[in-house]
Amino acid sequence: MTATTLEDADRRKAWGFAAPALLWTLAFFVVPFLFMAAMSLWKREGREIVRVWNLDNYLRFFSESALLQGLVNSLEITVIVTVLSVLLAYPLAWIIAERVPKRFQRMALILAILPFWTSYVVRSYSWLLVLSKNGVINQMLTGLGLIAEPLEIASTRTATVIGFVHFFVMLLTLTIYSNLIQLSPNYRRAAADLGANAFQTFWHVVLPLTLPGIMTGAFLTFVLCIGDYVTPQILGGNNELVLPQIIMLQLGRRADFPMAAALSIILMLAVTVAYVLCARWLKIERA
Amino acid sequence: MLRRVFVSGVSWAYLAIVYAFIFLPVAVLVLFSFQDGRLPVPPFNGFSTQWYEAVFVDRKLMAALGNSMLVAICSSVVSCVLGFLAAYSLARYKLPGSALQRGLLIAPMTVSYLIIALGLLALLNALHMPLSLLTVGIGHVVINLPLCFAIIYASMGDHQINIERAARDLGANDFKVMALVTAPMLMPSILAAFFLSVTFSWDEFIIAFLLSRFDVTLPVEIWSMLRSGLNPKTNAIGSLVFLASVALLLILEFSLFGRTKKQ
């Protein structure tokens, strides 16, 4: 019913309408990306980029422990953040969906994601106010006499994780909540009729049914977290560098664009692997 | 009965704790933007608006604010127009390879901003193109176009086709159909795409950081303020940005989404 055979004039028109967006994406996304991929196979000598095809950058990545450690740090932090965020967000989404009266739910949700709308850079900075040596937490704890010396939280991995979890709890609460309210109450009634208690109903019925939503949210968390430079740079400091920080270092002091390009490709591969793992896992769940 | 009270008590306690966690940094940010003193950390010395005054007389900050608005609005308009045209073409004409085209248009969504920015930077450097607000805008269209296309494409249902066909029978050409029939029918989703894209561009850091040189956007300017460490002025500008975003969110909630809910 939508479209039968296209006249030549119609086809020209259709291409004409789609062309600007397609050309934009080609020119400013596909071409730059391919250029960067090519560049990762060149190398830097002095301040010059030499266009000789080689795998030096990738070989250096696997032989230089500082670089490889960046990927390991990135993966560790991302996995910790993803797991913690899901564990914190799921109960929150569940309480909002189940315990909060219907007419207040939308408000509770908007409230739960309100700090989401602070500027991204500012959000990390505000955690610095809370976590730094003379920050809110340390002053409170010393004031109460619980600790003598201020805790070193800022400029550690802990601070990075806290900053990330704060952001992603809001995101995941949103995705998990929308998953929970779509669930028909009939499933739970059926489980209860068959003699399941509240815990069994949750574990065998509700949780598996919301798993696709959790996985989608978790994958989103993984992708956004592993590619982020701002939060680790502000909160984590320079102690344990993550991959995006190392990429930015190549650009700055060293002006080693080919190495930055190679590291970006490695970052992308990590995301692709995560996607493949998630996708396969989801498919098994559906079968 | 006792167990139910217990469960509900635990639930509310959990809710309170997580909300406290979520709001803690924002509350601290806003509170100490009114600090009467040089450090935005406890103790709170007293109430003062001096840091807000400092923000408003800071020329660089105000220029960055203007740049951010310019880039956000221009890049969102371009993203919406291109996204709308592409959505119209792909939803109304069956072109060969349309699945591939959709995939291409959505693809930038799956790649981190850092990588998009690096690619553009590498290419611009190789072409000896100077960095400016224009290059930031180009980058922001790359990240917002998929979003605008997806939102508008999703709202182009088949039920609007007959109305468009009627307009065409009455002599309207494609542009008239789009401007006078399709776009007004899809206005809620076009506006949603526009405002979402404005918020993303407004808040975007890494692309703006890597692709700008002399004129910078607000997040980049705030970033350079961070080098001076904890500073109540950063709190003040941060609180203002937060206030502006929340105001925009509330307007959207009560006008746009409120209207679509009623329909």
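Guide: Let us begin with a definition: axes are lines fitted to C-alpha atoms, for helices over the stretch in contact, and angles run from 0 to 180 degrees between N-to-C directions. Please keep in mind that this is a predicted model.

Visitor: At what angle do the axes of helix H3 and helix H8 of chain B cross, and within what distance do they come?

Guide: Two packed helices are described by the angle between their axes and the distance between the axes. Here, helix H3 (residues 59–92) of chain B and helix H8 (residues 174–185) of chain B cross at roughly 105°, and their axes come within 12 Å. Angles of 65 to 115 degrees count as roughly perpendicular, and H3(B) and H8(B) are therefore roughly perpendicular to each other. From H3(B), the contact is made by Phe84(B), Leu85(B) and Tyr88(B); from H8(B), by Asp174(B), Val177(B), Met178(B), Thr182(B) and Ala183(B). Sorted by class, the residues of this contact are 6 nonpolar, 1 polar and 1 charged.

Visitor: How far apart are the axes of H8(B) and helix H9 of chain B?

Guide: The axes of H8(B) and helix H9 (residues 187–203) of chain B are 5 Å apart, and the packing angle is about 75°. That angle makes H8(B) roughly perpendicular to H9(B). Ala183(B), Pro184(B) and Met185(B) of H8(B) meet Met187(B), Pro188(B) and Ile190(B) of H9(B). This contact has 6 nonpolar residues, with no polar and no charged ones.

Visitor: In chain A, are helix H8 and helix H9 roughly parallel or antiparallel?

Guide: Helix H8 (residues 185–193) of chain A and helix H9 (residues 198–226) of chain A pack at about 160°, with axes 10 Å apart. An angle over 145 degrees counts as roughly antiparallel, which is why H8(A) is described as roughly antiparallel to H9(A). The crossing of H8(A) and H9(A) is right-handed. Tyr187(A), Arg188(A) and Ala191(A) of H8(A) make the contact with Thr201(A), Val205(A), Val206(A) and Leu209(A) of H9(A). By class, there are 5 nonpolar, 1 polar and 1 charged residues in the contact of H8(A) with H9(A).

Visitor: Which residues does Leu207(A) contact, leaving aside neighbours within four places in sequence?

Guide: Leu207(A) lies in helix H9 of chain A. With those neighbours left aside, Leu207(A) is in contact with Tyr90(A), Phe202(A) and Ile214(A). Leu207(A) and Tyr90(A) are 117 residues apart in sequence, and their C-alpha atoms are 9.9 Å apart in space.

Visitor: How many salt bridges are counted over all chains, and how many between chain A and chain B?

Guide: Side chains of opposite charge can pair when their charged atoms come close. The count over all chains is 13 salt bridges, and between chain A and chain B it is 1. Lys13(A) and Asp174(B) meet through their side chains in a salt bridge of 2.7 Å, N to O. Within chain A, Arg60(A) forms a salt bridge with Asp256(A), with the closest N and O atoms 3.7 Å apart. This pair links distant parts of the chain, 196 residues apart: Arg60(A) is in helix H2 (residues 56–63), and Asp256(A) is in the loop between helix H11 (243–251) and helix H12 (257–286).

Visitor: How many residues does each chain bring to the contact of chain A with chain B, and what area is buried?

Guide: Chain A brings 79 residues and chain B brings 85 residues. The buried area is about 7,300 Å², and carbon and sulfur atoms give 80% of it. In chain A, Phe17(A), Trp117(A) and Tyr125(A) lose the most area to chain B, together 11% of what that side buries.

Key: Residues are numbered from 1 along each chain as its sequence is written. Chains are lettered from A and ligands numbered from 1 in the order in which they are written. This is a predicted model: local features need pLDDT of at least 70, side-chain atom pairs count only at pLDDT 80 or more; totals for chains, interfaces and linings use all residues. Side-chain values use heavy atoms; hydrogens and water are left out. Helices (H or I, at least four residues) and strands (E, at least two) are DSSP runs, numbered from the N terminus. Angles under 35 degrees count as roughly parallel, over 145 as roughly antiparallel, 65 to 115 as roughly perpendicular and the rest as oblique. A crossing is left-handed if the near helix is turned anticlockwise from the far one by less than a right angle, and right-handed if clockwise. Contact means heavy atoms within 4.5 Å. Ala, Val, Leu, Ile, Met, Phe, Trp, Tyr, Cys and Pro count as nonpolar, Asp, Glu, Lys and Arg as charged, and the others, Gly among them, as polar. Buried area is the accessible area (1.4 Å probe) that two parts lose on being put together, summed over both. A salt bridge is a side-chain nitrogen of Lys or Arg within 4 Å of a carboxyl oxygen of Asp or Glu.
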